[in-house]
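Thanks for coming. Please look at the sequence and the model on the screen, and then I will go through a few of the elements.

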Amino acid sequence: MASGESSKFNLHATYLKNLQNHEISPPLAAILSLSELVVNSGAGTMFELVKELHEGAEVLKKSTTNPISLNAGCELFIAFVTLFPHESDSFAELKSELMRQGQKYAREAISYRDKIAELTLGFIKDDSVILTHSYSRVVMKALLHAHKTKRISVYVTEARPRGLGIKTYEELTAAGIPCTVVLDSAVAYVMDKVDFVLVGSEAVVESGGLINAVGSSQIAIIAKASNKPFYALAESYKFHRLFPLSQYDLPTHNPNILSFRSPQITAAQGSASGVSPDNQTPAINDISTFMTPAISSSRTMSADQIVCNPDVDYTRPNLISLVFSDVGTLTPEAISQYLVAMFAG
Amino acid sequence: MAPAPSLPVHPPNGPTQAPADASAPPQQRSQKQMTKAERRELQEAQRAAKAAAKANAAPNGAGGQSKQPPKAAPPPLTAAARKPGKLADPVLKAPSTPGTGRQAHARGAPPVAESGPPNARGLRIFSHFGLPKPVSVAKGDIHPTILRLALQFSNFKITGANARCIATLNAFKTVIQEYVTPPNNTLSRHLMTHLNPQISHLVAARPMSVTMGNAIRQLKLEISRMDIDLPEQDAKDALCQKIDNYIRDRIIIADQVIEETATRKIKDGDVILTFARSSVVQKVILGAMEEGRQFSVIVVDSRPMLEGKRLLSVLSSAGIQCTYVLLPALGSVISEVSLVLLGAHSIHANGAVYSRAGTALAAMMAKRHSVPVIVCCETYKYSDTVQLDSFTKNELAPTTDNFSSFPLVKSRDALLIQNQINLEILNPLYDLTPPTSITAVVTEVGVIPPNSISSIPVALGRLL
């Protein structure tokens with residue numbers, strides 16, 4: 001059992017190591033780590049191996065608060081392993097073959113973004129104004145690729161609480177693309193100036209809907225109301241066999257999100273007396289001593305308040321115009337057909 | 001039986017009737033002088049008289065056909081004995097009423113045939129709906145099991161797409177086991193000609209369900225694939241085994257997988273709304289209960305069948321908190337609902353779900369209130385056709401006693417509205433839920449959006 005424990009520990013470490021690479025997204029990191037697990041596993045039969053992979057996937061899932069995209073990668077790899085033809089002479093050989101295939105896939109998968117950028121280019125007209133949300137590697141690639149041949153300007157949302165929109169802004173302005181950061185709450189204001197919305201994705205689910213950084217859903221709703229196209233970019237390894245019925249049916253949802261705190265505690269926090277958790281109080285005090293009055297600290301969300309908010313949300317398929325992926329430009333309906341064909345077959 | 005010459009066209013009807021009725025020739029001559037309406041009236045009267053004769057002959061016919069029936073005999077007899085009593089009333093009235101009775105026109109044997117010509121014209125668009133009608137004398141060599149099943153179908157003793165399909169397949173197993181290949185024939189080539197009249201007898205009793213159609217198509221395929229050199233008993237056993245496998249794989253296990261998948265969508269604190277009764281939905285709800293979820297159920301029901309009562313009694317006896325409302329009250333309860341679970345008769349290639357009348361209303365209402373609508377449906381209910389409305393194909397619900405479930409303040413006769421002239425009772429049995437008002441379809445291959453249902457046969461690489 002001890003060896004098993006150690007290999008699991010390695011798995012998580014490998015996963016984190018893989019993630020260090022800027023080009024590698026969570027699903028690919030999961031595929032790479034699982035293919036290393038295959039070689040390191042002591043499994044003697046296919047059944048044991050698949051069982052071990054499932055356990056490994058569980059370990060990875062538990063290690064993060066947002067397992068959705070990681071899960072898509074694990075699922076893809078396990079499906080691949082179970083369907084892989086057994087032609088090798090020995091099981092050890094099969095395992096190393098599986099690892100080679102996994103690594104080969106990950107190498108190829110990195111180039112998927114270029115393919116998507118090329119597909120997206122056909123939909124970007126000269127002098128387009130594009131709204132994007134938060135930071136996404138594939139959207140960056142598409143925008144930078146479009147910049148080579150077309151004049152584009154970009155609005156990017158700030159994307160609170162992580163503020164990744166600023167990162168997008170910095171990279172785009174560095175590349176010479178006119179870019180403005182807008183408030184998350186100013187999306188409706190900016191929408192009439194925009195030609196289309198372009199977002200990345202955490203996962204594309206079976207309904208044809210999209211899971212992405214929180215705020216995507218409301219952008220899609222506003223785009224729909226203003227009759228602006230809403231395009232999502234997703235590599236095919238982000239296609240996930242999951243069918244959320246609503247926002248609260250996502251695996252990331254937990255009872256803590258959107259929960260109501262009892263009024264006394266909130267009031268106490270407002271008056272900055274020490275009822276709040278220990279790690280909170282110093283932070284607030286720091287800000288209030290550093291910034292001018294206590295007002296500024298009470299007007300931004302505390303970490304405690306942010307915890308009650310979701311990281312990702314679910315965009316319904318009827319709000320999405322098209323999904324660009326390396327397997328082609330798909331309508332939301334085609335996504336689910338593709339997924340049924342991929343996993344049911 | 002009526003189905004073959006069922007087209008409501010005049011010329012074919014005349015000749016078919018002529019040999020049947022001794023008094024037909026002279027009347028036919030005079031038909032030239034009659035107006036169109038008069039001629040039709042005459043035809044209907046003749047047909048009604050014929051149907052009455054048929055219906056009266058039915059018990060004898062059924063008894064005569066069933067040669068030493070082991071255990072199938074009592075039910076057909078009792079069921080058939082009940083028939084004439086039910087029928088006597090309208091049939092006797094038919095000749096006396098001046099009206100034509102458009103239903104009679106459509107299908108031949110009229111259970112009710114009284115409605116004035118102006119009214120009849122107004123409702124003629126529904127004349128193609130299959131009518132629940134009495135099983136008349138069996139044509140050809142019909143197996144007693146099939147006779148019995150046909151009666152159960154036409155009396156709505158067996159309802160529900162799954163139940164009817166299983167019952168049909170089990171009956172066919174008996175038929176196949178008792179079948180003897182005639183000399184100079186092979187089983188794989190002759191058995192189908194033996195089964196075809198059995199199938200048409202069932203269809204005459206009640207239009208075939210999509211599930212039965214799919215299962216029978218599969219059975220035909222298996223029969224034609226049978227090796228000619230296989231000994232007869234082995235071939236029969238193999239076929240029965242195939243039927244058993246079909247029932248197990250496509251219905252029983254499929255239901256278990258659907259139950260597992262759909263149960264996961266039920267969360268603590270949910271309020272689940274369901275309409276009428278579906279065997280799969282019942283299993284899902286009970287499954288969620290067994291897993292210890294805390295939820296309550298609203299059973300929406302509708303006349304005339306009031307099938308939800310059965311679901312209600314099952315669920316409430318299992319200890320689930322239930323609310324029972326009729327369809328008009330749907331608007332009042334929908335705002336509390338967090339999930340709608342529905343069953344299906346069949347699902348069409350465009351994702352439209354054909355189900356008990358009222359389902360579409362529940363689904364659309366839920367959609368309007370942004371409540372997720374889940375349809376539980378095995379893949380063998382898939383029909384390759386596209387249906388756009390519920391008028392092109394439908395059935396009529398049995399004319400039951402509409403008032404048996406209500407306290408009576410008037411005498412029952414005063415309430416029996418179908419006796420009135422200028423009044424047509426229309427109870428369509430099914431309606432069509434458009435794919436736009438369905439969130440997801442739970443099948444044994446996974447949860448899919450309704451408009452992707454047509455990709456499943458392609459993905460699985462098989463005929464459904």
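Helices (H or I, at least four residues) and strands (E, at least two) are DSSP runs, numbered from the N terminus. Axes are lines fitted to C-alpha atoms, for helices over the stretch in contact, and angles run from 0 to 180 degrees between N-to-C directions. Contact means that C-beta atoms, placed from the backbone, lie within 7 Å.

This is a predicted model, where local features need pLDDT of at least 70, side-chain atom pairs count only at pLDDT 80 or more, and totals for chains, interfaces and linings use all residues. Residues are numbered from 1 along each chain as its sequence is written, and chains are lettered from A and ligands numbered from 1 in the order in which they are written.

Another helix of chain A, H8 (residues 164-174), lies across S1, S2 and S3, at about 170 degrees to S3(A).

Now the sheet. In chain A, 7 strands form an open sheet with mixed pairing, in the order S3-S2-S1-S4-S7-S10-S11; strands pair if DSSP finds at least two bridges between them. S3 (179-182) and S11 (328-330) of chain A are at the edges with a single partner strand each, so one side of each has no neighbour in the sheet. Strands S1 (residues 128-132) and S2 (residues 152-157) of chain A run parallel and are joined by 5 bridges. A:Val129 has A:Ser153 as its bridge partner in S2(A).

Terms used. Contact = placed C-beta atoms within 7 Å.
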